[in-house]
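Thanks for coming. I will go through one chain this morning, starting with the overall picture and then moving to a few places in it.

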Amino acid sequence: MNIRNLMNGTGHGPGSNGHGPALVVNRTAPRPLFQSDCIWIDGELLALEEAAAQLLSPTLHYGVGLLEEIRCYATERGPGLFRLEAHLKRFLQGVKLLGVADFRWTEADLRRAVAATVQANSFQSCDVRLMLTFDDGPAVDGYEPRLAIIAQEWRLRPGDARGQAARLMVSSFTPTQAGAGPIAGLNGQQNSAVRARSDARRAGCDEAVLLDAGGYVAACTGGTLFAVRDGAVYTAPRPGVPQGISRDTAIVLAGDLGYEVVEERLSRDELYVADELFLCGTAAAVVPVRAIDFRPVGDGQAGPVSAAIRSLYFETVYGRGARSAGWVEYVMMEPLF
């Protein structure tokens, strides 16, 4: 089933143009965490079991690649991809940063492919990942890039802090690449985050805070950390932190609510004495923090500023906010052609 033909209306596979029965997905069997029925790879929708990784790929050996994560929410108008345009632009910036020559997929191609992948899996709410990998070889130059789009039904891991105030700990790890620049999804940058998060979970916490070489807050392992002090919202400035779409979303929504947003470096001690803390990320959305390094934040509950921003965030992603029209792109779940 070729996605280029499918998307321009010339495909003749099941479910396209009425030529054959629509793809029926069995939803009766329990599904493992982060599972998909089919994956988009280099222009084709393939069954999950047909997808395979090249063991000699420099992506596996050296971490050469790119990952972009997008959330899709179940709205009243069907599945809604949140800030798809911004994510696709950032992904294409990453492709350029890696030095990939003659990348054949345009932003319009990616937009259609993401929608087709969500539709083919019949998901209402899911996590979408664009993955750029490379065929076997020692370097990027001269090797054909491979593009995959994976839609994963969203299920929480045991112990995840979604929907409740989280517990954080400050990690001894520093970011793999301090001041990593404008692109957040370059492979290899998550090494420190994975180890820090593992240590935090073992200590009974939900997330870890990474400090830069100077001892100032760089990020959480799952997003950007914000502090609230005397009614103002503080976060680490760019370019010391990666370009975060969720970070930008939280800043814009905080401004819409009338809160002053200050970008300045935050020390560990300033986290301990903050009135409120919350983190924001593509997967995490907005999560208030109730404790850090086993010290309560404020009164140990979600504070009013964090709660207000969280409420507006979800109002927006579910298509009910003032900014939803510009930030949410809907996926038709009926046949496209």
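**The chain and its helix contacts**

Take the contacts between residues at least 6 apart in sequence: 69% of them join residues at least 24 apart. Please keep in mind that this is a predicted model. The chain has nine helices and 16 strands. Of its 337 residues, 48% are buried.

Helix H3 covers residues 84-98 and helix H4 covers residues 107-120; their axes are 10 Å apart and the packing angle is about 125°. That angle makes H3 oblique to H4. In handedness, H3 crosses H4 in the right-handed sense. Which residues meet there? From H3 they are Leu84, Glu85, Leu88, Lys89, Phe91 and Leu92, and from H4 they are Glu107, Leu110, Arg111 and Val114. Sorted by class, this contact of H3 with H4 has six nonpolar residues, four charged ones and no polar ones.

Phenylalanine 91 sits in helix H3. Is phenylalanine 91 buried or exposed? Its relative accessibility is 0%, so phenylalanine 91 counts as buried, the cut-off being under 20%. Leaving out residues up to four places away in sequence, phenylalanine 91 touches Leu66, Glu68, Phe103, Leu110, Leu130, Leu132 and Leu147. Among these, Leu110 belongs to the H4 side of the helix contact. For leucine 130, the C-alpha to C-alpha distance from phenylalanine 91 is 8.0 Å, while the two are 39 residues apart in sequence.

The crossing of H6 and H8 is right-handed. On the H6 side the contact is made by Ser246, Thr249, Leu253, Ala254 and Asp256, and on the H8 side by Ile309, Leu312, Tyr313 and Thr316. By class, H6 with H8 gives five nonpolar residues, three polar and one charged.

Serine 122 is in the loop between H4 and strand E5, which spans 126-134. Its phi is near 60°, a positive value in a residue other than glycine. With a relative accessible area of 36%, serine 122 is partly exposed.

Aspartate 230 is placed in the loop between strand E10 (224-229) and strand E11 (232-235). Aspartate 230 is not a glycine either, yet it has a positive phi of about 55°. How accessible is aspartate 230? The value is 73% relative accessibility, so aspartate 230 counts as exposed, for which the cut-off is over 50%.

The last one is threonine 221, found in the loop between strand E9 (217-220) and E10. Threonine 221 has 8% relative accessibility and so counts as buried. Threonine 221 and arginine 197 are 24 residues apart in sequence, and 6.3 Å separates them in space, C-alpha to C-alpha.

How values were computed:
Residues numbered from 1 in each chain as written. Predicted model: local features only at pLDDT ≥ 70, side-chain atom pairs only at ≥ 80, totals over all residues. Heavy atoms only, no water. Axes fitted to C-alpha atoms, helices over the stretch in contact; angles between N-to-C directions. Helix = DSSP H or I, 4+ residues; strand = E, 2+ residues; numbered from the N terminus. Parallel < 35°, antiparallel > 145°, perpendicular 65-115°, else oblique. Left-handed = near helix turned anticlockwise from the far one by under 90°. Contact = heavy atoms within 4.5 Å. Nonpolar A, V, L, I, M, F, W, Y, C, P; charged D, E, K, R; others polar. Buried < 20%, exposed > 50% of the residue type's maximum accessible area, 1.4 Å probe, protein only.
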